[in-house]
Amino acid sequence: MAILAGMRSALAPHVNHHTPRTPVFLAAYNRIGRAAARLVTLYTRWKNNTLPALRPSRPRTTQAPQKPYFPAGRAWLAGRTDHHVRGHASQLQHLLAQPEMAEFLTQVPRAGRILRPLCHMLGIEPPPAIRPPPKAKRIRPKRPPKPRAVPPGTPLPSDRPLPAYVRAAARAWRKKAE
């Protein structure tokens, strides 16, 4: 995809400067390159009707490799770079709005897993075809009601009498209340 290649070339000056943000820009630069290669492969296979069938996912037996740290905020890449990256982001947004791309995204859900993180880091509203389903609302079990305080003078339902110090405190409390 020429748009993502242009975005990488716009990111190159940020990668070559040695600043504290350079590792993050380098990780984003590499992610965009991998995403572009995967999207081109998926799109050409979709056009030629040669998409392989989805394989069932395997359970992970080892610990997942450490992913590079990306800032969590929306549009973090577009906000920390110059206008060239934002220009390519708007071109990508325009491309995602095209009818052919919408058809591709609905038929190939794997492309959504590639484009969703790019849309997030560039601040693009993802098209409906790649939006994740809404999260299920967590239902909390109802707690039993808290026991209410028994007013003084009410007989307790137990068969044993209250200790003497409790009866004395209740009498003193009743005298104060009057």
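**Salt bridges up close**

**View 1. Glutamate 100 and lysine 47 pair up through their side chains in a salt bridge, with 2.6 Å from N to O.** A salt bridge here is a side-chain nitrogen of Lys or Arg within 4 Å of a carboxyl oxygen of Asp or Glu. The two partners sit 53 residues apart, glutamate 100 in helix H5 (residues 99-107) and lysine 47 in helix H2 (residues 22-47); helices are DSSP runs of H or I, at least four residues, numbered from the N terminus. Glutamate 100 is partly exposed at 35% relative accessible area, and lysine 47 is partly exposed too, at 48%. Partly exposed falls between buried (under 20% relative accessible area) and exposed (over 50%), using a 1.4 Å probe and protein chains only. This is a predicted model: local features need pLDDT of at least 70, side-chain atom pairs count only at pLDDT 80 or more, and totals for chains, interfaces and linings use all residues. Residues are numbered from 1 along each chain as its sequence is written, and side-chain values use heavy atoms, leaving out hydrogens and water.

**View 2. Glutamate 125 meets arginine 74 in a salt bridge, closest N and O atoms 3.5 Å apart.** Glutamate 125 lies in the loop between helix H6 (110-122) and helix H7 (164-177), while arginine 74 lies in the loop between H2 and helix H3 (76-79), 51 residues away. Relative accessibility is 46% for glutamate 125 and 43% for arginine 74.

**View 3. Arginine 131 also has a salt bridge to glutamate 125, at 3.6 Å between the closest N and O atoms.** Shared partners tie Arg74, Glu125 and Arg131 into one network.

Note on methods. Helices (H or I, at least four residues) and strands (E, at least two) are DSSP runs, numbered from the N terminus.
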